[in-house]
Amino acid sequence: MIDSSSKAYKKARRQYLKTTRNRDQNIEKDWTPFRAAEKYFKARFPPPDLTKVLDLAVLDSTRGAELAAGVWLGTPDAVETRAFTTNAGRPGYTFPSVPGLVLLPAFLSPEKQIELVKWSLVDHSKPPNETNLDIHYILPTEGIWNAHVRDGTTVVHPRPIESDAQYLKQESGPRQLIDNISANTDNFESLNSVSKLPPPPAATVQPSTCSDLLSRLRWANIGWFYHWGTKQYDFSKGKIPVHDTVRQVCKSAVQSIEWKDVFASDTADWGPDGPDWMDWHENYEPDAGIVNFYQTKDTLMAHVDRSEVCATSPLVSISLGNAAIFLIGGLTRDTDPIPILLRSGDVVIMSGPACRRAYHGVPRILDNTFPPHMIDIPDDPGWSVFKTYMASTRINVNVRQVFPREFDPRIA
Ligand SMILES: O=C(O)CCC(=O)C(=O)O
Ligand SMILES: [Fe+2]
């Protein structure tokens, strides 16, 4: 699978030998099982062997072209799963080791995948939605993607530090992965009352062209505004409705699952009000989230999404473009995570107390896995500019529900 005589392999080996020359041999002993797995899949040398990675696309004859086009391939039985059929007649999988985790391979048609890529870039990565770039730059109001397409050489200027503004003390930037307090209905009011000052723009930022900045787009907020400094939502800014296309995809994914089967032998503690999965077909309503943009070298370290007051409601995670290794473990980093290869169109649902607060991360974007159905799109000449960007990109649309049913946040 990996060509050890290739130039890229030899370069990675040289780099590896150079950077590890003075490394303490005992360093690996201190790694938690999650950290060890991250390191393994992140490594450029030796490149990871994916035979122990779950790859359910292998079972789907309609995805042959997608698999043949990329060098990376996992195994369909690398991790213990339970197969089921969704209400829409599609294959779905649950995981005995992570109750509440559901994988719906190729849940989205190629057309829907393309629609969501366009939505992420054209419609969503612009005001009023915040992006990681807004902290440091005064972006064009049409959004960084539309400005790039119209004239990529347009220069974008740094956001000046305003002398009379109050800023957050600590430097904020792309996603910082410090542990925060788990939100819940009891501490909601006190977390909500903490002041949420804006992060200061960095003083060293230089003017940049739209096209250069686009490669540094990392996230765009969905719904309720997230405050990275405190790692809590800032409800005082109000809520932007979740776009109907995304909302419908998430709702149809949640409604396609018989939750009583998923939680049939569940013994986890759902809190004082008990399980709420029986209401999800009717009451699940996404209201927050993030669109993540990953370039091939980007990773997302182990973390728990614990800012949502509801710790059980489904989180729907949509993969688009290049494939990735997704790791998910348990409530601490000491659980050995399971590795899952996520491809374009796959939907993951994280739900219930054991899964929703489980550590997870994305240690690797798999290069050259941009699927053929996103390369040749007849009758869409406008796609070419998306294709160029997406050839080295993975987009993840990650959608959550912040409040449990019948919880009245009484937001002023
Ligand atoms: O990119 C992914 O698949 C996961 C993203 C994620 O975990 C998050 O946005 O919190
Ligand atoms: Fe996450």
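Colleague: Why does Phe 45 count as partly exposed?

Modeller: It comes down to a count of neighbours. A residue is buried with 20 or more other C-beta atoms within 10 Å of its own, exposed with 12 or fewer, and partly exposed in between, with C-beta atoms placed from the backbone. Phe 45 has 15 C-beta neighbours inside 10 Å, so it counts as partly exposed.

Colleague: What should I know about the model before we go on?

Modeller: This is a predicted model, in which local features need pLDDT of at least 70 and side-chain atom pairs count only at pLDDT 80 or more, while totals for chains, interfaces and linings use all residues. Residues are numbered from 1 along each chain as its sequence is written, and chains are lettered from A and ligands numbered from 1 in the order in which they are written.

Colleague: Okay, where does Phe 45 sit, and which residues does it touch?

Modeller: Phe 45 is in the loop between α2 (33-42) and α3 (64-69). Those labels are DSSP runs numbered from the N terminus: helices are H or I with at least four residues, strands are E with at least two. Two residues are in contact if their C-beta atoms, placed from the backbone, lie within 7 Å. Leaving out residues up to four places away in sequence, Phe 45 touches Ala 12, Arg 13, Gln 15 and Tyr 16. Its C-alpha is also 9.1 Å from that of Lys 11, 34 residues apart along the chain.

Colleague: What makes the peptide bond between Phe 45 and Pro 46 worth a look?

Modeller: That bond is cis, with omega about -10°. Pro 46 lies in the loop between α2 and α3. Another cis bond runs from Pro 127 to Pro 128, with omega near 5°, and Pro 128 is in the loop between α4 and β4 (137-138). Most residues other than glycine have a negative phi, and most peptide bonds are trans.

Colleague: How do you know whether Ala 106 is buried or exposed? And Asp 379?

Modeller: Just count again. Ala 106 has 20 C-beta neighbours inside 10 Å, so it counts as buried. Asp 379 has 5, so it counts as exposed.

Colleague: How do you know what span to expect for helix α4?

Modeller: The expected span is 1.5 Å times one less than the number of residues. Helix α4 (residues 110-124) has 15 residues, and 21 Å is expected; from first C-alpha to last, α4 reaches 20 Å, close to that. It does bend, by about 25° at Lys 118, where the bend is the angle between axes fitted to the seven residues ending there and the seven starting there.

Colleague: Which residues of α4 are buried, and what do they pack against?

Modeller: The buried ones are Gln 113, Ile 114, Leu 116, Val 117, Ser 120, Leu 121 and His 124. Their packing partners include α5 (144-151), β7 (219-223) and β10 (288-295).

Colleague: Why is Ser 125 called buried?

Modeller: Ser 125 has 24 other C-beta atoms within 10 Å, so it is buried. It lies in the loop between α4 and β4. Beyond four places in sequence, Ser 125 touches several residues, among them Thr 131, Ile 144 and Trp 145.

Colleague: What makes Ile 144 stand out in the largest nonpolar core?

Modeller: A nonpolar core is a set of buried Ala, Val, Leu, Ile, Met, Phe, Trp, Tyr and Cys residues joined through C-beta atoms within 7 Å. Ile 144 is one of those that touch the most other members in this 98-residue core, including Ala 253 and Phe 326 as well. Apart from neighbours within four places in sequence, Ile 144 is in contact with residues including Leu 133, Leu 139 and Cys 210. In soluble globular proteins, nonpolar side chains tend to be buried together.

Colleague: Last one: why does Phe 225 count as partly exposed?

Modeller: Phe 225 has 19 C-beta neighbours inside 10 Å, so it counts as partly exposed, since buried needs 20 or more. Phe 225 is in the loop between β7 and β8 (226-227).
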